[in-house]
Amino acid sequence: MSKQFDVVVIGGGPGGYIAAIRAAQLGFNTACIDEWKNSKGGPAPGGTCTNVGCIPSKALLQSSEHFEHAGHGFAEHGISLSNLAMDVAKMLGRKDTVVKQNNDGILYLFKKNKVSFFHGRGSFVKAAEGGYEIKVSGATEETLVGKHVILATGSNPRALPGAAFDEDKILSNDGALRIPAVPKKLGVIGSGVIGLEMGSVWRRLGAEVTVLEALPAFLGAVDEQIAKEAHKIFTKQGLKIELGVKIAEVKTDDDGVAVSYVDAKGGSQILSVDKLIVSIGRVPNTIGLNAEAVGLKLDERGAIVVDDDCKTNLPNVWAVGDVVRGPMLAHKAEEEGVAVAERIAGQHGHVNFNTIPWVIYTHPEIAWVGQTEQQLKAAGRAYKAGSFPFMANGRARALGDTTGMVKFLADAKTDEILGVHIIGPYASELIAESVVAMEFKASAEDIARICHAHPSLSEATKEAALAVDKRTLNF
């Protein structure tokens with residue numbers, strides 16, 4: 001006999017588990033279905049983000065940063081080390097522990113909030129009396145009926161045509177997180193977030209890393225001034241970045257991977273590497289959902305079609321996160337998950353795409369919110385710009401990390417903040433102030449007049465806001 005629920009969530013990633021918890025908090029009898037498995041075959045909720053994305057990558061980034069700092073930064077602090085070595089197996093083990101802690105934390109939150117969890121793959125069977133019949137295929141098969149269904153099935157890595165992922169030599173984000181030993185030569189196709197972060201990890205540990213990017217510009221979505229600064233810094237660190245390339249063929253053999261490509265000048269080149277990370281984007285995951293059984297509408301990319309409120313073409317069926325339009329960001333999925341649960345309850349869920357922050361966790365970090373300078377120019381918007389370098393910030397000097405800057409863009413007439421762009425230490429944390437400011441329609445002067453702690457990196461934000469009007473407090 002089927003089990004009846006007010007809300008059934010398919011997918012336990014950031015959008016799904018947050019939606020389920022919020023729905024339960026609002027008084028709905030809620031179920032969440034998720035098929036991720038840990039190494040022992042047990043449940044591992046959290047989706048790509050927790051299992052092979054945000055969380056494990058940050059664990060490796062942290063380990064590799066410690067290693068590089070110990071090898072190149074400790075000496076100036078008077079700390080001497082000898083026989084420095086990286087135990088890759090232990091580093092990967094720590095990463096796995098961090099992931100499991102997050103998996104277990106989600107399961108605890110389900111229990112605490114009385115969310116019924118089902119481990120397996122969820123798929124539509126048919127529209128039924130009282131909602132939709134959902135089959136759970138796992139160790140045991142279950143049938144659920146949900147009055148409302150929230151689809152949060154995430155995304156999958158996009159493979160290069162003719163070069164399928166084997167997770168041994170040709171790696172997706174999953175395989176890139178499990179390389180058992182530091183490769184001598186590592187290739188990365190795509191200079192997006194995943195490519196740069198994973199390339200940075202293995203470069204710090206000693207790999208010779210080459211990044212091949214099809215676009216003629218580096219980090220095209222980033223403010224041009226910030227992107228140029230990042231390119232200069234990453235090149236100086238040792239990343240070899242080639243832009244405007246066309247991949248012709250990828251071949252593997254016992255020795256590794258050979259990538260044939262045409263460079264920006266039209267010359268034929270071959271890159272021979274031990275491992276190749278392919279990070280050319282992600283595609284919505286609707287595999288096995290059985291969308292056709294209920295007439296769920298998908299677009300040409302395979303994404304679930306939704307309106308501004310995340311409603312699909314079916315009554316009481318919603319979709320959030322990577323499987324719908326918009327940026328594929330974990331925090332965007334979370335915001336949509338909360339908003340949908342609140343809309344089901346008759347409340348007014350809120351998601352403002354214009355104030356969703358973006359972060360690249362390289363070193364230095366890159367973070368931004370709002371529009372770039374090139375976007376404002378293209379739109380013909382009159383604006384003012386101001387920037388401040390971390391080189392002139394006392395806290396950055398004390399940290400020994402003065403790379404980068406904060407850049408403000410504000411409306412020329414109203415002074416409303418239109419965009420903030422940061423490259424530098426702890427940019428991922430510093431950007432939050434600007435997100436709040438933009439959400440409340442603050443002006444650059446508002447930030448300039450707020451008291452910031454001294455000494456702190458946030459003073460650079462204040463100084464950049466002051467610089468919009470050609471002022472400074474930095475004597």
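A residue is called buried when its relative accessible area is under 20%, exposed when it is over 50%, and partly exposed in between (1.4 Å probe, protein chains only). This is a predicted model, where local features need pLDDT of at least 70, side-chain atom pairs count only at pLDDT 80 or more, and totals for chains, interfaces and linings use all residues. Residues are numbered from 1 along each chain as its sequence is written, and side-chain values use heavy atoms, with hydrogens and water left out.

**Helix α7**
- Look at residues 224-237 to find α7; helices (H or I, at least four residues) and strands (E, at least two) are DSSP runs, numbered from the N terminus.
- I226, A227, E229, A230, I233 and F234 are the buried residues of α7.
- They sit on the same side of α7 because their arc around the axis is only 160°, taken from the directions from the helix axis to the C-beta atoms.
- On the face turned away from that buried side, you will find the exposed residues K228, K232 and K236.
- Cover for the buried residues comes from elements including α6 and β10 (240-242).
- After α7 comes G238, with a positive phi near 125°.

**Residue S279**
- Where is S279 found? The loop between β14 (275-278) and β15 (282-284) holds S279.
- S279 counts as buried because its relative accessibility is 12%.
- Beyond its neighbours within four places in sequence, S279 is in contact (heavy atoms within 4.5 Å) with V188, I189, G190, I194 and G195.
- The S279 side chain also reaches the backbone oxygen of G190, at 3.2 Å.

How values were computed:
Polar contact = N/O pair within 3.5 Å; in protein donor to acceptor, adjacent residues only side chain to side chain. Expected span 1.5 Å × (residues − 1).
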